[in-house]
Amino acid sequence: MFKLFSNDPVHDPIKKQGPATEIKKTTCYMCACRCGIRAHLRDGELVYIDGNPEHPLNQGVICAKGASGIMKQKSPARITQPLLRKAGSNRGDGEFEPISWDRAFEILTKRLSHIRATDPKKFALFTGRDQMQALTGLFARQFGTPNYAAHGGFCSVNMAAGMIYTIGGSFWEFGGPDLERAKLFVMIGTAEDHHSNPMKIALSKFKRAGGRFISINPVRTGYSAIADEWVPIKPGTDGALFMALMHELIRLEKYDAPFLKRFSNSSQLVCMDSGAEEGLFLYDPDSDPINLDLPHNKYIWDEKTQSAQPCFKQGTSPVLLGEYTMGPGPHQGKRVVPAFELLKRQVSETTPEWASGITSIPAERIRKLALEIADTAFGQEFELPISWTDSWGEKHNTVTGRPVAFHAMRGLSAHSNGFQTTRGLAVLMSLLGTIDRPGGFRHKAPYPRQVPPNAKPPSSENDIKPNTPLAKPPLGWPTQPEDLALDSQGSPLRIDKAYSWEYPLAAHGLMHNVITNAVKGDPYSIDTLMIFMANMSWNSTMNTMEVREHLNAKNADGEFKIPFLVVCDAFQSEMVDFADLVLPDTTYLERHDVMSMLDRPISEFDGPVDSVRIPVLEPLGECKPFQEVLIELASRLKFPAFTTPEGERKFKDYPDFITRFQTAPDSGIGFLTGWRGKDGEKVLKGEPNPNQWQKYAENNCVHQYHMPPEHQYMRNWNKGYLDFSKENALRQKNDPIMIAIYSDILQRFRLAATGKRPGAQPPEHLKARIYKYFDPLPFWYPPLEDEVTDLTKFTLNAITQRPMAMYHSWDSQNAWLRQIHSHNYLYVNTATALQHGIADGAWMWIESQWGKVKCMARHSEAVDPGTVWTWNAIGKAESAWSLTDNADESKKGFLLNHLISEELPLGGFTVSNSDPITGQAGWYDVRVRLAPAGNEETQETWPQVKAYEVPGMPLKKETSK
Ligand code: SF4
C-alpha cells in the first residue's frame, strides 16, 4: 500500500524483492493510445507494469511511458484531498484549506443548481486530454449549457473535420494506413505520438516486408528516424504540396476515374450561373424533396445521351470534365460542370514550381513524388478475392488494392490553414482511389459516418432553457449557415464563439479562447468555469503570462471576472494554484473508465473494439475519479437522464451508470458493446448486463468484434456494412457516404457571404473572410499569422513536438521519465545557429512579435534550416508538479507558448489565432528570430514563474529532487 507522508525513498533499486503476488489487467493512460497493460502487484503494492500480450492494440509492446506508470502512482505531486481557496487570497498564490467531499459537493450543487435554474450557459465545462467525452458531453447537455468542449479545438480538429467533411472518416482512432498491404507509406506532419505502439509495430513489419517509407516533416525525429527518405518541408505549407501533387496527377491523367465517378461527387453537376444556386449541386426536385443532400438527388452528365441524368441511373456513363447546359426540365438552360472539372481548374496553376517556392521542396522532388505515388497506386494495383455488394445493388467479386498509404496528424492540423490542407490530403487520397481499400486508408468503427455526421449544435437561444437539457448536443457538424450557434441578434451562443461566423465549423470548440473571452466578457461573462485535466495556466494555453493574469483579473467591485474556477486534476499542475475549488482526481490505475463506441473506441480495421480500465489500486487519500464526481453532481442536480421519474437517483456510481445507461429507453445501445443482454450473450446491442464489467475483466479489458471480410472494405458504399452499421447504431442511416471532392457545404457559407443565398448572412466585417476561406475546393493560403508579422524580421518558423518519453505536461513529476527529459533545448539547424552566432549548448533568446524566451540551443542536422523546434510542455513553473525549486524543468526547461498569441488583430478586428473555418488553434504558425544570450546574463530560462505546494501532497519535496 502506498505510504502517505513517508520520507522513505520511493524506489530502492538494490533492495531485495520477492516476486509479484498478483497480476491485474487494465488499460494504459500514460498517453492517449490506450495500450493493454498488466499491473504486477506484490502484497497489494504496484511493483511492475508491462504490456499485455493478449491485447489487440499493442500485443504486449510497451513504451517508456507505459512502463513508468508506477512512478506516476508514486508521484510526490499527487493531490489527495479537496481544497478550497482561502477567503481573501489571490488566485495563483496556492492558499488553500482542505475540505471534505461533502462540503465540495454542497458548494458545487448550490452554485450549479442556481446557474442551471437561471442562465445555464453561465456554467462552462472544458476538459483536457480526457477519454470520456461521451460522459462529459452528456453532463453538459443535461445541465443545459452549450459551453462544453474537450481539448480537440487546440489539438487536431482540423485533421478530424477536414477528413470527416470530405471522406466521412479520419486518421488515428477512426482510421489509418493499412501498412500490412501498402508498398509505399507517406507520413506527413506526424511526430512519434498518436497511435504510438501500434504504429511502431506496423512500421516494423512494413519495413521488414520491403515497404518504402517517406517522411515529410520539418523535423526528422521519432518515426521519421527509420524513414527511407526524409523530405524537409516548411511548416504550414503542406497544403501547397498537396495542391502540386494533385496538379501533377491530373495533368498526367493518373487518377482513379471509375472510383471518382462512382464513389465521390466528382461527376455531379455544379451550377455555374450566378445567383442562389451558384456553385451548388443541382437537385432533382422530384426525387426526394425531404432531404436534398442525398447523393441520388443530384445529376451527372451522361456521355452516351449527352444529357443530364439522375445520379446512379443504370446504364449511364458519367463524365468528369467539360461544361454543359441543362436540357428540358426544372433546370433548363442552366450552365453546369462536373465537380471534377472545377478541381482541375483549381489546380491548374499549382505547379511543382509554384509549390517549391512555398514549401522549400525542390520542384523536381515534388514531380518525382507524384509519379512514385501514382506508379505505386496504379502500377502495383492488386485484387483481393472478397465479394461485396455496393449501395446500388451491384455485386463486386473482388476488392481492389491501391498500395499507397498516408498518415498525418498535428503537423497538418495545428495551423490556421489546416482545414483546407487536410481537405487537400483527403482529396489527393481520393484521386488515388485509396479510401477504405487494401493498402491505403482504412476506416475504423464507428466510422465512416455521414459527410458530415448528423448531430447539429444548438442554433438558437430557444435551444438553451433553464432547468432543461439542451435541445441539441453541445457539439455537432453544421451543414449550412442556419446551423450556426447564434442568438437572434447574431451573437455567439458559446463563450468560445465556436460555430459563430468567426469559426463556423468549430466541431471541437475553442478551449484556447475560453479564459480570454470570459475575462473580456466577449461575447458574455460566465459564472463558473470547470476545468478537468487541462493545464490552462501553463502549457495548454497560448500567451501564458497574460492568461495567468486573466485568471486573477477582478472587476472594479473586487470580484473575480471569472467568479468561480473549479479544477479537477490528479497532480499539482500550474493550473491548480488558480482554482477556487480543487477536486483531487485519481490516476488511471485507480479508476473505472471506458473507451466507448459512443466516444473514442480502439477499433481495428476489421471491426469495432472497445475497452475499459478497471482499478488495480485503491484511490490514494481522498482522490475520487472525475467520472464519479460527474455522476454524483448529475444525481444531486437531478438531471433527467440520471434521475427516475420520482426524482430518485438512478445510478449508484460510475460502473453502475456504464452498465445500465442506454442512449434511448430500451435502445440496447450503451457505452460498452461486449457481453450485452441479460446473460451477456449479445454483442454490440442488447439489454444491460449486470456482469458486464466482470466479463471485460476476464477478457483483457477488451471487447473485439470481427466483421466478415465482405464488410471490411469500401465501407462508405458497402451495402452489407452500411446495413450492419445502421442496425447497431453506428450510423442513423444506411445510405452511401459519398466522398466530397467538392464541398457544397462550404459553398453555402460562401454564398451567404456574397448575399446571393437567402437566409442567414455573416456580419459585414466577416463577409470577405468567409468568402475567402470557404472555398468548396481545397486550396493553400499562408497561415493567418503571416499577415500580421514582419517576415523580414521574424524569418524562422517555430514549432513543438511531443517527445516519445513524455505526454503533454503529465510526466515531469515521474522520477523515471525525468531521467530521459528533465529539460528541453531549442533545436536549430547548425548552419542557422552559426549564422546567428549561437554555439551548441549555449544560452540564447528566441523572440516572436508577441514575446521572448531564454533557452538553451542544440545544433541539429535533423531540422530544416528555416525552422526551429523544441519538445512541448517540458518547461515548468518553479515548484510546480512538486519539483524542487531548482529543478531543471523550471531553470533550464522552457515553453514556446510564451511566444504565441491566442488572438490576432486581423483587418481591423481581433479574432482567435485559429483556423477561420474550424477554430483550430494555430500553434505552429508563429514566426521567430534568434539571438545569443549575453555573457552577463543568468544561465537560467526566462520568464520565471512560481507555483506553490498545496496541502495534502503525500511526499516531501526533497524526495523529488
Ligand atoms: S503508447 Fe501510450 S498507451 Fe501505449 S504503453 Fe505507451 S504510454 Fe501507454
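Tutor: A cut-off comes first: a residue is buried under 20% relative accessible area, exposed over 50%, and partly exposed in between. Please also keep in mind that this is a predicted model.

Student: Is Gln 59 buried, partly exposed or exposed, then?
Tutor: Gln 59 has 43% relative accessibility and therefore counts as partly exposed. This residue sits in the loop that links strand S3 (45-51) to helix H1 (64-67).

Student: What is the phi of Gln 59?
Tutor: Its phi is near 45°, which is positive, and the residue is not glycine. Most residues other than glycine have a negative phi.

Student: And what about Met 533, buried or exposed?
Tutor: Met 533 counts as buried because its relative accessibility is 15%. Met 533 also has a positive phi, about 60°, without being a glycine. Its loop runs between strand S23 (528-532) and helix H15 (544-551).

Student: Changing topic: at what angle do H4 and H16 pack?
Tutor: Helix H4 (residues 133-143) and helix H16 (residues 626-636) pack at about 25°, and their axes are 11 Å apart. The two helices are therefore roughly parallel to each other. The crossing of H4 past H16 is left-handed.

Student: Which residues make that contact?
Tutor: H4 contributes Leu 135, Thr 136 and Phe 139, while H16 contributes Phe 626, Gln 627, Leu 630, Ile 631, Leu 633 and Ala 634. The contact of H4 with H16 comprises 7 nonpolar and 2 polar residues, with no charged ones.

Student: How many residues of H16 are buried?
Tutor: In H16, 9 of the 11 residues are buried, so the helix is mostly covered. Among them are Val 629, Glu 632 and Ser 635. After H16 comes Lys 638, which has a positive phi near 60°.

Student: How many residues are in the largest nonpolar core?
Tutor: That core has 215 residues. Those with the most contacts inside it are Phe 171, Leu 343, Phe 406, Leu 529, Phe 642, Phe 657 and Ile 846. Helix H7 (residues 238-251) supplies the largest share, 9 residues.

Student: What does Phe 642 touch, apart from its neighbours within four places in sequence?
Tutor: Its contacts include Leu 135, Leu 138 and Gln 142, and also Ile 631, Ala 634 and Ser 635. Phe 651 and Phe 657 are among the others. A second, separate core has 40 residues, including Leu 510, Ala 752, Phe 779 and Phe 909.

Student: Back to helix pairs: how do H20 and H21 cross?
Tutor: The axes of helix H20 (residues 744-754) and helix H21 (residues 764-773) cross at roughly 145° and come within 8 Å. Their crossing is left-handed. Phe 749, Arg 750, Ala 753 and Thr 754 of H20 meet Lys 767, Ile 770, Tyr 771 and Lys 772 of H21. By class, the contact of H20 with H21 has 4 nonpolar, 1 polar and 3 charged residues.

Student: Where is Thr 832, and what does it contact?
Tutor: Thr 832 belongs to helix H23 (residues 830-835). With 4% relative accessibility, Thr 832 counts as buried. Leaving aside neighbours within four places in sequence, Thr 832 is in contact with Leu 796 and Pro 865.

Key. Residues are numbered from 1 along each chain as its sequence is written. This is a predicted model: local features need pLDDT of at least 70, side-chain atom pairs count only at pLDDT 80 or more; totals for chains, interfaces and linings use all residues. Side-chain values use heavy atoms; hydrogens and water are left out. Axes are lines fitted to C-alpha atoms, for helices over the stretch in contact, and angles run from 0 to 180 degrees between N-to-C directions. Helices (H or I, at least four residues) and strands (E, at least two) are DSSP runs, numbered from the N terminus. Angles under 35 degrees count as roughly parallel, over 145 as roughly antiparallel, 65 to 115 as roughly perpendicular and the rest as oblique. A crossing is left-handed if the near helix is turned anticlockwise from the far one by less than a right angle, and right-handed if clockwise. Contact means heavy atoms within 4.5 Å. Ala, Val, Leu, Ile, Met, Phe, Trp, Tyr, Cys and Pro count as nonpolar, Asp, Glu, Lys and Arg as charged, and the others, Gly among them, as polar. A nonpolar core is a set of buried Ala, Val, Leu, Ile, Met, Phe, Trp, Tyr and Cys residues joined through side-chain atoms within 4.5 Å. Buried means under 20% relative accessible area, exposed over 50%, partly exposed in between (1.4 Å probe, protein chains only).
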